[in-house]
Amino acid sequence: MQHATLAPCAAVARAVQTGSGSGNSGTRGAHASARGLGRHAISTPSPTHRSRCSSRGSLATHATKVAFPAGTPDASGIVPGVGKGMPKWPEVWEWLNYEQNMETLDSAEAVKLMKKGGVLLDVRFEPDYDKWSVPGSVSVPYVAGGVLAKLRLPGFKKKNADFVAMVQAAIPDKKTKIVLACIWGGSLVRAPPKNRGLTDDTKGAGSLPGAFELYQAGYTNLFHLYGGVNQYYQDCAFDSDLPEGVGVWPGDIEWFGYRQFKQKDRLKGQRDD
């Protein structure tokens, strides 16, 4: 499924600058301004302004080849990033970082790449994509599920076993520049915690495990969207050059509990879709 339009969100940016917006027709910019997101969004460094060497540690310490993560291939010969046969996530994280040198793009960089023929691949649960998405993106869900999964009942979603095959059908040219995006991104900047008892938010919700599988399938130009689709919608309120998101962003609904809300911990309220 694909949305084709790219409409700038200048009106939203103006609303943030002027503080306008009232009643039921208030813009996302006005909502964001009221929640104090402007300071948070502006002060959050984008991946382009981070030193890749310092964030990954000294590259000199990784001069040797990183071994392919130990896992069990599925019927198609792909070692899964999630589910039965998957390797340990820290091994996958190191392989993506040091062997594939996978780069993280911010929202503006992703849009520029799309305008030059690249693809933003949205791997979120399909019902979420149908409700809100980045315009021009292509949907291939990394997780799937029936009616009970769509009702958000725990335990009824599972990894999409046809993920790689569906991507190959949607994007047959394996040299295409592809930016993978899930709901909140994960991280290639921060290393996975050594304490397994801690919640590991570096894995994200499908974009990085999905990239691990696509590299194995022969795709060579893969990128990762910083902060996922959530961050894109937040960035759109402060950057008039970003295309307005399609549909209604749940981050504008106070009870939804996304991490962007004022004074909410960035690691809380995340739905692993």
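1. On helix H6 (residues 107-115), the face turned away from the buried side carries the exposed residues Lys 112 and Lys 115, where exposed stands for over 50% relative accessible area, buried for under 20% and partly exposed for what lies in between, with a 1.4 Å probe and protein chains only. Helices here are DSSP runs of H or I with at least four residues, and strands are runs of E with at least two, numbered from the N terminus.

2. This is a predicted model, in which local features need pLDDT of at least 70 and side-chain atom pairs count only at pLDDT 80 or more, while totals for chains, interfaces and linings use all residues. Residues are numbered from 1 along each chain as its sequence is written, and side-chain values use heavy atoms, with hydrogens and water left out.

3. The buried residues of H6 are Ser 107, Ala 110, Val 111, Leu 113 and Met 114. They cover an arc of only 160° around the axis, which puts them on the same side of H6; the arc is taken over the directions from the helix axis to the C-beta atoms. An α-helix has 3.6 residues a turn, so residues three or four places apart point the same way. The buried residues of H6 pack against strands E1 (103-105), E2 (119-122), E7 (178-181) and E8 (222-225), and against helix H11 (228-236).

4. Pro 243 lies in the loop between H11 and strand E9 (246-247), and it counts as buried because its relative accessibility is 4%.

5. In helix H10 (residues 207-216), nine of the ten residues are buried, so this helix is largely enclosed by the rest of the structure. Among the elements that cover its buried residues are helix H5 (89-99), strand E6 (158-159) and helix H9. After H10 comes Gly 218, whose phi is positive, near 105°.

6. The axes of H9 (residues 163-170) and H10 come within 10 Å and cross at roughly 70°, axes being lines fitted to C-alpha atoms, for helices over the stretch in contact, with angles from 0 to 180 degrees between N-to-C directions. H9 and H10 are therefore roughly perpendicular to each other, a term that covers angles of 65 to 115 degrees. The contact (heavy atoms within 4.5 Å) is made by Phe 163, Val 164 and Val 167 of H9 and by Gly 210, Glu 213 and Leu 214 of H10.

7. H5 is another neighbour of H10, and the axes of these two helices come within 11 Å and cross at roughly 65°. Their contact is made by Trp 89, Val 92, Trp 95 and Leu 96 of H5 and by Leu 208, Pro 209, Phe 212 and Tyr 215 of H10. By class, this contact has eight nonpolar, no polar and no charged residues, with Ala, Val, Leu, Ile, Met, Phe, Trp, Tyr, Cys and Pro counted as nonpolar, Asp, Glu, Lys and Arg as charged, and the others, Gly among them, as polar.

8. Asn 101 is found in the loop between H5 and E1, and has a positive phi of about 50° although it is not a glycine. Most residues other than glycine have a negative phi. Asn 101 counts as partly exposed, because its relative accessibility is 44%.

Notes: Angles under 35 degrees count as roughly parallel, over 145 as roughly antiparallel, 65 to 115 as roughly perpendicular and the rest as oblique.
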